[in-house]
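The sequence and structure are shown first.

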Amino acid sequence: MEKILVIGACGQLGTELTLKLRDLFGIEQVIASDLREPADLIKDGPFESLDVMNKEALDQLIAKHQITQIYHLAAILSAKGEQNPKFAWDLNMTSLLNVLEAGRNGVSKIYWPSSIAVFGPSTPKVKTPQDTIMDPNTVYGISKLAGERWCDWYYQKHGVDVRSIRYPGLIGYKAQPGGGTTDYAVDIFWKAILEGSYDCFLRQDALLPMMYMDDAVKATIDLMQTDADKIKVRSSYNVSAISFSPEMIYQEILKRYPDFKINYSPDFRQVIADSWPNSIDDTNARGDWGWQPDFNLEKMVNTMLDNLENILVEAK
């Protein structure tokens, strides 16, 4: 039986991925780990406190639970990374190398997320290809590009079965976002319901690739469950779902909250967003392992509002 370790399980993606993996494999087969206290949604299953930069602690945990698969999600994201670049580089790179070494020493399968942050100002912005110019200008993007090359190297040199997706901005309601440039697309829903107005840190026309969390989790698990011989990209796959701007999501929310107001006050995160693509070409993912998103903008907005409204009603 598979025994799965999720590193960074208390984050936005980690929370929802842990829940789905426990549905698929059983609660006791999925070990959640993080430096933070376990999130309410995942605290009923096995949890281990782990600093993934400590290789000895990671190796001991793998041996203790006889881990066969690792989902390594711990990272410092784009906006926070620019505020503390040295720490972001150290965490993002040291932790990945520790996990890849675990793969070289016996863990059978590894998942590590990359990001559209690997692209940069010289990258084609429309339908960005799988293979293209990559000149990231954030520490987060630089670390993700370096990580992609390490993943491919460990596969080519050591046969480590490591798989990866370049996520766009992720939108979900079960956990708070972790300091990324696309966080506005989660915050805006809370502000629409609770306050009736939102001060957006991006321009109204800042078009970016985005994805609803259910699609992100589905893509991740689909990739990990695909036969190894079908995985042709060992750096990281482009995946695409929706592209929208703050104004586009605002107009969609107005259909449910007609009095909702928005103000645009771009800050340093707009410079980061300007270096990223407007849309992504994910032909390779669709052809190699059958990727297909389920959520468009309208479905995503209504699903987010429905769930947040329910959470707030239950909290009263």
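Trp-150 and Tyr-154 lie four residues apart in helix 5 (residues 139–158), so about one helical turn separates them; helices (H or I, at least four residues) and strands (E, at least two) are DSSP runs, numbered from the N terminus. The model is predicted: local features need pLDDT of at least 70 and side-chain atom pairs count only at pLDDT 80 or more, while totals for chains, interfaces and linings use all residues. Residues are numbered from 1 along each chain as its sequence is written, and side-chain values use heavy atoms, with hydrogens and water left out.

**Aromatic pairs**

The structure holds ten aromatic pairs. Rings of Phe, Tyr and Trp (its six-membered ring) pair if their centres lie within 6.5 Å; planes under 30 degrees apart count as stacked, over 60 as edge-to-face and the rest as tilted. Two of the tilted pairs are set out below.

| Pair | Centre to centre | Angle between planes |
|---|---|---|
| Tyr-71 and Tyr-111 | 5.9 Å | 40° |
| Trp-150 and Tyr-154 | 6.1 Å | 50° |

Tyr-71 belongs to strand 4 (residues 69–72) and Tyr-111 to strand 5 (residues 109–111), so their pair ties together parts that are 40 residues apart in sequence. Tyr-71 and Tyr-111 are both buried, where buried means under 20% relative accessible area, exposed over 50% and partly exposed in between (1.4 Å probe, protein chains only). Together with Tyr-167, Tyr-71 and Tyr-111 form one aromatic cluster.

**Charges over rings**

A charge sits over a ring if NZ of Lys or CZ of Arg is within 6 Å of the ring centre and within 35 degrees of the ring normal. Arg-269 lies over the face of Phe-201, 3.6 Å from the ring centre. Lys-299 places its charged end over the ring of Phe-295, at 4.5 Å from the centre.

Three strands form an open sheet in the order 9-11-13, with mixed pairing; two strands pair if DSSP finds at least two bridges between them. Strand 9 (169–171) and strand 13 (242–244) stand at the edges with a single partner strand each, so one side of each has no neighbour in the sheet. Strand 9 and strand 11 (residues 208–212) run parallel and are joined by three bridges. Leu-170 has Met-211 as its bridge partner in strand 11.

**Nonpolar cores**

A nonpolar core is a set of buried Ala, Val, Leu, Ile, Met, Phe, Trp, Tyr and Cys residues joined through side-chain atoms within 4.5 Å. The largest has 45 residues, of which Phe-189, Phe-244, Ile-249 and Met-300 touch the most other members. Another core, of 31 residues, lies apart from it and includes Leu-21, Ala-32, Leu-170 and Tyr-237. Contact means heavy atoms within 4.5 Å. Leaving out residues up to four places away in sequence, Ile-249 touches several residues, among them Tyr-184, Ile-188, Phe-189 and Phe-244. Helix 6 (residues 184–194) has Tyr-184, Ile-188 and Phe-189 among its buried residues.

**Phe-268**

Phe-268 is found in helix 9 (residues 268–274). Phe-268 counts as partly exposed because its relative accessibility is 38%. Not counting residues up to four places away in sequence, Phe-268 touches Ala-79 and Gln-83.
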